Amino acid sequence: MPLRPDWSQSLQTLFRPALAAATRWWRRQSPARQDRFATLGPLLSVLLFLGTIVLAFWYLRNEEIERESEAVKRDTEIAQQQLRLRLIENQEQMARIAREIVTRAIDTYEFSAQASAFARERPEVMHITWLSARRERRASVASTGFQAPTLMAPGSADPSMPQGNNVPDQTFVAVRERRQPLYTGAFNDAVGNLVFQLQVPLIDRHGFAGVLIAEYGVEALLRYYVPSEVASRHAIAVLDPNELVVASTVTPMPGVTPGKAAILHEVPLAPALNGLVLRGQGYRTSIGLISNTLFWMVVALATLTVWMLLGTWRHMRRRLHMQNALLAETNFRRAMENSMLTGMRALDMESRIVYVNPAFCAMTGFTEAELLGHRPPFPHWPRDRIEENQRLLDQEMQGRSPSGGIEVKVMRKDGSVFDARMYVSPLVDAKGKQTGWMASMTNITEAKRVRDQLSASHERFTTVLEGLDAAVSVLSIPQQELLFANRSYRLWFGAESLGHTQLAEQPGTQLSLPSDDVDDYSGLPAQPLTEGPGSSPREVYVEQLERWFDVRTRYLQWTDGRLAQMLIATDITARRAAEQQAEAQAAKAQVTSRLITMGEMASSVAHELNQPLTAITNYCNGMISRVRGDNIAKDDLLAALEKTSKQAQRAGQVIHRIRAFVKRSEPQRQTAQAADIVEDAVELASIELRRRNVQLHTYVAQRLPALMVDPILIEQVLLNLLKNAAEAIDIAKLPPSRRHIELRVVPRHMPDQGGTIEFSVQDMGPGLPEDAINRIYEAFYSTKADGLGIGLGLCRSIVESHQGRLRAENLYNGELVSGCRFSFTIPVDLRHADSLTPSPTASTTP
C-alpha cells in the first residue's frame, strides 16, 4: 500500500516558485519603493480585516431588512385588499339605491329608512345624502343618529357641496359631465374629521337628476377594516397628498413626535384613487450586533491603526510632494527665464540691480555678473544720456512711471545703441511688503523701423494718388460728404461732391443705395456689397468740361466704419476721338476690300457679262436678217425678243449685285436670314468659281433663326472665303475630282457663346502651312505671292464686331493634309428660334 504524501511538503513545492519570484521582484525595487510598500502592507491588511467585519455586518443587516420589508409589504397589501373589497361592496349598494331612486321605486321616506339601515351596518359611512341636479338636498341620513350642526334642512343647498371651488363641488361637476361614480379627494368636514365622498350619479330618462353621496370617515375605515393580526404586527397609517398622517392603527403619545420607521411600504387607497396613501411601517428588531462591545473595540483598534499608518504615509508623501514641487518650480522658473524674449530687471529699494534674466543679458551683451550689484549709472546706459536716464530712474523709484511704459535708449556692451520700451511695476514679497521694482524691457527698434516705413509708404501712396492723371474720389453714402479727392479731381471739379455725383449717377440725383443693401442700425454696407468686384466701367460725358471719362466705382468701408463709394475717372477724350477715327478708317477698309475683290474678279465679271451681251447681239442680228428677208413670223419675233430681254435682265442683275456689294454705306444692323445672305454671296462667287472650274456644294439648314447683322459685311466675309478657297485649288492645279468647295450653314451650340449659326467653307486644296495658321490674320501677311494681306484680318474684324468667332484649320487624311476649313459663328437668341434641327436644303453650283 503506497504512503500518503506529506501535505506540508506539497505546499512548499507548490509555492516555492511563487515565493522565489516575489523575492526577486522585491529586490529589484528601489529603497524608496520598498519603504512605501512596507508602509502600505500593514495598512492594506488592517483595511482588509475591517472590510471583512463590515461586510459581515452589512450582510446580516440586509437579510433582516429584506425579511422585514417583505412582511411589511404583505401586511400592507392585505389591508389594502380588505379596504378595496369594502369600498367596492359599498359602491354596489349605493348604485342599487340610486337605481331605485331613478325608477321612482322609493321616495324620500323610504330612502331614509334604507339609508339608515345601510349606515348602521357600515360604521365607516358617516353620512348618506341625496342631492338634486340643482344641488339641493332631498334627504340625508347620519350614521351616528343625529345630523351635523352644519347640515341644512331638506330642500336647501347641501353644506357638503358648497358653491365654491372646493373638492366636493369639483367632483359634483365631474360626475355630472362623465355620468359615472367618482371619489372625491380628502377634506375636513364641519367637525374637523378627515373624510372623502363617493358620488353616484342619478340618471333618468330626462338626463342628469342629481347625485347620491356616501361620506366615509378615513379613521373609521382604517379602524374597522384593517385586520387585527395585521395591526398587531405592523402600524398601518393613512397619508394625505401632503404626506401627513391623518389616521393610524397606533395612537402616538401626546406631545411626542414619533420617529420615522426604517421600513416603509406605500400603496394607494384603492379603488378611491383620491390621493390618500396606505402606508405600512416596520422596525428592525435585531440590533445586538451593533451594540456588541467587542465589535466596537475591533473597529476602534483597526481605526487607530489605520490612522497611524495613514499619518505616516501622508507624511512621507508630503515630503516627497514638496521635494518634487520645489524641483518642478525651480525648473519651470529657470526654463521661463531662459525662454522669455522680454528682458527682466529687478532693483531693490536702494536702486541696486538684484536680478536680470538671460533675455536682458542677451539684449545688452553684458553678463549677469557684470550687472548684479551695480548702482546708477548702469553699464547699459549710453554715455550721452546718463542725466536723462537718471531722471527716469528717479521717476521710476517714486512710482510715477506711466502705465504705457517709457521709451529709452539702451547701449550694448559693444557700444551700439538700440531703442527699447520699459514697463515698471512694484516688486512685493509674500508678506505684502514692497522690496523693490521690476522692469520689463522690449526691443522696439524693428517696430520703430516698420512704423517709419509705414509712414513713408503712406506718404508715397498719397504722392502717387496726387500725381495720377485720373480723378480719384471717395464719397460718404449716408452724409453725401466728400472724404477724399486727389489733385486731378480738385483740378476738374473742385472740392465739392457734385463732380463725384455727376460721374457716379445722373446729374441732379442723389447717390443712394437700396435699403436692403445697408444695415439700418449701423449704416455699414452689406457684405456682398463691399466684397464685390465693383461696377462695370462706364463712359460718362461731362458737358461743362467737354470731356469723356471712363468711370469705375466700388463700395468700401471707410476708416471710421462708414459706407463710402470710391470712384476713379480717367479722361478718355483723346481715346474716343481715336476710336471714332479708327471706325471711319475700318469702314473705308471694308469698302476698299470689296473694291479689291471686285478688281480681282474683273476678268470673271467681264466674262460673265460677255455671255448675255453676246447672246443679245446674236439675237438682234438674227432678227434683223430675217426681218430684211421678210421670212420671220410674229411668234418667232416675240420669242426672240423675250430671250433678248432675259439676257439683258441677267446682265442687269450681275451689275446690280456688284454695285450693291461695292457701294459704300454705313454699317447697319438689321434682321436678316442666313439663306438670303448665302444666296447673294454664292451668286457673286459663282462667277469666279466657273472661271476657275471649281464646283460649289451648298448646305443650308432650314428654319434657322433670324440674325441681327449687317448682311453686306457677312456676304463680304463669305465671298472672301469662297474666293480664297477657289484660288488655292486653282493655284495648286488639282485634278477635277478635288476641285470642290463645300459651304455649310448649320446651328451650333458653343460653350462660350451659347446658341450660334455656323458658316463653314471647306475645300480640298493643299491646306495652310503650319507656321501660317497663327499669322494669317496679321496685317499685310499673305500666303499668296500677289496678296495684300488685309482680307482675312478684315474678315476677322467683321465677325468679331458681330460677337462671333473665326477659326481656320487643316483637314487631314491620316498624316496627309486633305484640305482646309474656315468657319465662323454668329450668336443668336435661341429663345426666339422655332427649331434648329429641320430637314436641310442642299444645292450644287458648277
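User: What should I know about the model before we start?

Analyst: This is a predicted model, where local features need pLDDT of at least 70, side-chain atom pairs count only at pLDDT 80 or more, and totals for chains, interfaces and linings use all residues. Residues are numbered from 1 along each chain as its sequence is written, and side-chain values use heavy atoms, with hydrogens and water left out.

User: Why is R821 called buried?

Analyst: Buried means under 20% relative accessible area, exposed over 50%, and partly exposed in between, with a 1.4 Å probe and protein chains only. R821 has 15%, so the residue counts as buried. R821 is found in strand β27 (residues 816-827). Helices (H or I, at least four residues) and strands (E, at least two) are DSSP runs, numbered from the N terminus.

User: What makes R821 and E758 a polar contact?

Analyst: Their side chains are joined at 3.4 Å. A polar contact is a pair of N or O atoms within 3.5 Å; within protein, one must be able to donate a hydrogen and the other to accept it, and residues adjacent in sequence count only if both atoms are side-chain atoms. Leaving aside neighbours within four places in sequence, R821 is in contact (heavy atoms within 4.5 Å) with residues including E758, S760 and R807.

User: How do you know that β1 pairs with β6 and β2?

Analyst: Two strands pair if DSSP finds at least two bridges between them. Seven bridges join β1 to β6 (residues 207-217), and five join β1 to β2 (residues 137-142). L131 has V211 as its bridge partner in β6, while H127 stands opposite A142 in β2.

User: Why is β1 called largely enclosed?

Analyst: Eight of the eight residues of β1 (residues 125-132) are buried, so the rest of the structure largely encloses this strand.

User: What makes a nonpolar core, and which residues have the most contacts inside the largest one?

Analyst: A nonpolar core is a set of buried Ala, Val, Leu, Ile, Met, Phe, Trp, Tyr and Cys residues joined through side-chain atoms within 4.5 Å. The largest has 46 residues; V678, L707, L718, I741, V745, F759 and F824 have the most contacts inside it. Helix α19 (residues 711-731) gives the most to this core, 10 residues. Apart from it lies another core, of 40 residues, among them V125, I128, W130 and V230.

User: How many aromatic pairs does a search of the whole structure find?

Analyst: The search finds 10. Rings of Phe, Tyr and Trp (its six-membered ring) pair if their centres lie within 6.5 Å; planes under 30 degrees apart count as stacked, over 60 as edge-to-face and the rest as tilted.

User: Why is the pair of Y183 and F196 called tilted?

Analyst: The ring centres are 6.1 Å apart and the planes stand at 50°, so the pair of Y183 and F196 is tilted. Y183 and F196 are both buried.

User: Why is the pair of F196 and Y216 called stacked?

Analyst: The centres are 5.3 Å apart and the planes are at 20°, so the pair of F196 and Y216 is stacked. F196 lies in β5 and Y216 in β6, so the pair ties together parts 20 residues apart in sequence.

User: What makes R138 a charge over the ring of W130?

Analyst: The charged end of R138 sits 4.7 Å from the ring centre of W130. The label needs NZ of Lys or CZ of Arg within 6 Å of the ring centre and within 35 degrees of the ring normal. R744 likewise lies over the face of Y699, at 4.4 Å from the ring centre.
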